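Please look over the sequence and the model first, and then read on.

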Amino acid sequence: MQPSTAKTANFNSSVIDTQQYVGQMAVVLNAGAKTAGDTGDTTLDVRLMHSAESNGANATNCSLSFAQVTTANSLQTLAYDPRAFTGRYLKAVATIAGTNSPSFPVGMNILGTTKLQ
């Protein structure tokens, strides 16, 4: 969903077509502690959104969010079941907040069983 790289501004992950998967999937966030920005107010928030459009436009919040990342490394996993949502496309939306140019190293993966061809 997101190659490991330093992120300094809000971003969206790649859009994933969940129709190729069977059953529940795992979305993994691997975020390092902030590498820049003030200690007191630098945050990374990531939530999952689903959409009927292949480009992820007009996405709706899935009400699935990772715990906020601040000054500690964070490896988190969320369970996502595409059968519970109307949109077949999944993306993550991240918000970075804080002063003095906050930055976080972030990578995201999706794990699941794909359909056989």
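A charge is said to sit over a ring if NZ of Lys or CZ of Arg is within 6 Å of the ring centre and within 35 degrees of the ring normal. By that criterion, the charged end of Lys7 sits over the ring of Phe11, at 4.8 Å from its centre.

This is a predicted model, in which local features need pLDDT of at least 70 and side-chain atom pairs count only at pLDDT 80 or more, while totals for chains, interfaces and linings use all residues. Residues are numbered from 1 along each chain as its sequence is written, and side-chain values use heavy atoms, with hydrogens and water left out.

**The sheet**

Strands here are DSSP runs of E with at least two residues, numbered from the N terminus, and two of them pair if DSSP finds at least two bridges between them. Four strands form an open sheet in the order β1-β9-β4-β7, and their pairing is antiparallel. At its edges lie β1 (2-7) and β7 (74-80), each of which pairs on one side only. From one strand to the next the twist averages 15°, where axes are lines fitted to C-alpha atoms and angles run from 0 to 180 degrees between N-to-C directions. Strands of a sheet pair through backbone hydrogen bonds, either parallel or antiparallel. Strand β4 (residues 21-31) and β7 are joined in the antiparallel sense over 7 bridges, and Val27 has Leu78 of β7 as its bridge partner.

**The nonpolar core**

A nonpolar core is a set of buried Ala, Val, Leu, Ile, Met, Phe, Trp, Tyr and Cys residues joined through side-chain atoms within 4.5 Å; buried means under 20% relative accessible area, exposed over 50%, and partly exposed in between, with a 1.4 Å probe and protein chains only. The largest core holds 25 residues, of which Val27, Leu44, Leu48, Leu90 and Met108 touch the most other members. At least two residues of this core are supplied by each of β4, β5 (43-51), β6 (60-65), β7, β8 (89-97) and β9 (104-114), and the largest share, 5 residues, comes from β4. Contact means heavy atoms within 4.5 Å, and, leaving aside neighbours within four places in sequence, the residues in contact with Val27 include Leu48, Phe66, Leu78, Tyr80, Leu90, Met108 and Ile110.

**An aromatic pair**

Rings of Phe, Tyr and Trp (its six-membered ring) pair if their centres lie within 6.5 Å, with planes under 30 degrees apart counted as stacked, over 60 as edge-to-face and the rest as tilted. A search of the whole structure finds 1 aromatic pair. The rings of Tyr80 and Phe85 have centres 5.0 Å apart and planes at 0°, so this pair is stacked.

**Accessibility of selected residues**

| Residue | Relative accessible area | Class |
|---|---|---|
| Tyr80 | 0% | buried |
| Phe85 | 22% | partly exposed |
| Lys115 | 42% | partly exposed |
| Ser101 | 61% | exposed |
| Ser63 | 66% | exposed |

Lys115 lies in the segment after β9, and, although 94 residues separate Lys115 from Tyr21 in sequence, the two are 5.6 Å apart in space, C-alpha to C-alpha. Apart from neighbours within four places in sequence, Lys115 is in contact with Gln19, Gln20, Tyr21 and Val22.

Ser63, in strand β6, has a phi near 60°, a positive value in a residue other than glycine. Ser101, in the loop between β8 and β9, has a phi near 55°, likewise positive in a residue other than glycine.
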